[in-house]
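Open the model in your viewer and keep the selection panel at hand. The stops below say what to pick and what to look for.

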Amino acid sequence: MKRYTAILTAAALCMTFSSCGYGGDDTDDDVSETIVTRWDGDAPLNILNADFRNIVWGMDKVETERQEQRRSDGQGEDYLFYDNVSFAGFDGRLYYYYNENLECTSAAYIISMSPDDPSYDSAYGRTDDFLTELFVPPDEEGGNIRTMPSAVIELTMTDTDIERMISVKFSMPDGYADKKHSSKVIYFENGEPVGSSVSP
């Protein structure tokens with residue numbers, strides 16, 4: 001009976017640490033998987049002219065999760081990711097990447113497909129068309145780079161006999177953090193300003 005109680009206590013402690021996001025000391029090679037994806041924190045900030053999805057470049061991991069309103073499905077020292085994220089009509093994984101100051105400077109949608117998938121042959125072209133319709137055409141004809149004021153978008157594909165992996169990476173443009181954007185103000189839902197991306 002004592003052994004059974006000890007096992008239950010250990011299991012309860014493990015569940016507590018997991019639900020609190022405890023992952024120990026992460027290294028570049030370690031991934032801290034989390035099971036709980038329900039969001040029970042603050043409501044997202046209303047952002048005018050978000051840089052990517054509902055964030056502005058420079059947010060940290062906690063701020064990113066707040067804006068996503070969902071705990072990440074996994075993370076490492078300089079990234080976190082979300083599974084089952086739809087993009088261009090495909091189901092994929094969304095990564096957020098952080099610099100040495102733990103500020104988000106890029107993000108990527110990763111779509112992995114089997115050759116058995118009916119959309120396999122047309123996946124790259126379909127994604128390329130989606131980016132043109134939703135954002136801007138490539139910088140040059142047949143190119144894979146798109147440049148916008150708030151992001152540089154790079155579309156790449158890795159194709160093997162067993163998988164096609166399409167990556168759509170959004171990166172903060174060089175010098176973007178130093179620019180002033182007077183229209184970008186962060187508000188709470190009650191409309192009271194709580195911060196601004198405008199440099200002092």
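## Start of helix H2

Select Asp60 and Val62. At the start of H2, a side-chain oxygen of Asp60 comes within 3.2 Å of the backbone nitrogen of Val62. That is a polar contact: N or O atoms within 3.5 Å, where, within protein, one must be able to donate a hydrogen and the other to accept it, and residues adjacent in sequence count only if both atoms are side-chain atoms.

This is a predicted model: local features need pLDDT of at least 70, side-chain atom pairs count only at pLDDT 80 or more, and totals for chains, interfaces and linings use all residues. Residues are numbered from 1 along each chain as its sequence is written, and side-chain values use heavy atoms, with hydrogens and water left out.

## Whole chain

Zoom out and colour by secondary structure. There are three helices and 11 strands. Helices (H or I, at least four residues) and strands (E, at least two) are DSSP runs, numbered from the N terminus. Their order along the sequence is α-β-β-α-β-β-β-β-α-β-β-β-β-β. Of the 200 residues, 34% are buried. Buried means under 20% relative accessible area, exposed over 50%, partly exposed in between (1.4 Å probe, protein chains only).

## Along H2

Select 61-68, which is H2. Which residues of H2 are buried? They are Lys61, Thr64, Glu65, Arg66, Gln67 and Glu68. That is six of its eight residues, and H2 is mostly covered. The buried residues pack against S2, S3 (74-76), S4 and S5. Now step past the helix to Gln69: its phi is positive, near 55 degrees.

Go back to the loop between S2 (46-47) and H2, and pick Asn49. Asn49 is not a glycine, yet its phi is positive, about 60 degrees. Most residues other than glycine have a negative phi. Asn49 counts as partly exposed because its relative accessibility is 48%.

Show S4 (79-87), S5 (90-98) and S6 (104-113). S4 and S5 run antiparallel, joined by seven bridges. Strands pair if DSSP finds at least two bridges between them. Phe81 stands opposite Tyr95 in S5. Two residues separate the strands of this hairpin, where Ala88 has a positive phi near 55 degrees.

S5 and S6 are antiparallel as well, with six bridges. Arg93 faces Ile110 in S6. Five residues lie between these strands, and Leu102 in the turn has a positive phi of about 60 degrees.

## The cores

Select Phe52, Trp57, Tyr96, Tyr109, Val168 and Phe170. In the largest nonpolar core, of 32 residues, these touch the most other members. A nonpolar core is a set of buried Ala, Val, Leu, Ile, Met, Phe, Trp, Tyr and Cys residues joined through side-chain atoms within 4.5 Å. Elements giving two or more residues to this core include H3 (123-134), S8 (152-159) and S9 (164-171). S6 gives the most, with five residues.

Centre on Tyr96. Beyond neighbours within four places in sequence, Tyr96 is in contact (heavy atoms within 4.5 Å) with residues including Phe52, Arg53, Thr64, Glu68 and Cys104.

Last stop: another core, of five residues, lies apart from the largest one. Select Tyr79, Tyr95, Ala108 and Ile110, which are among its members.
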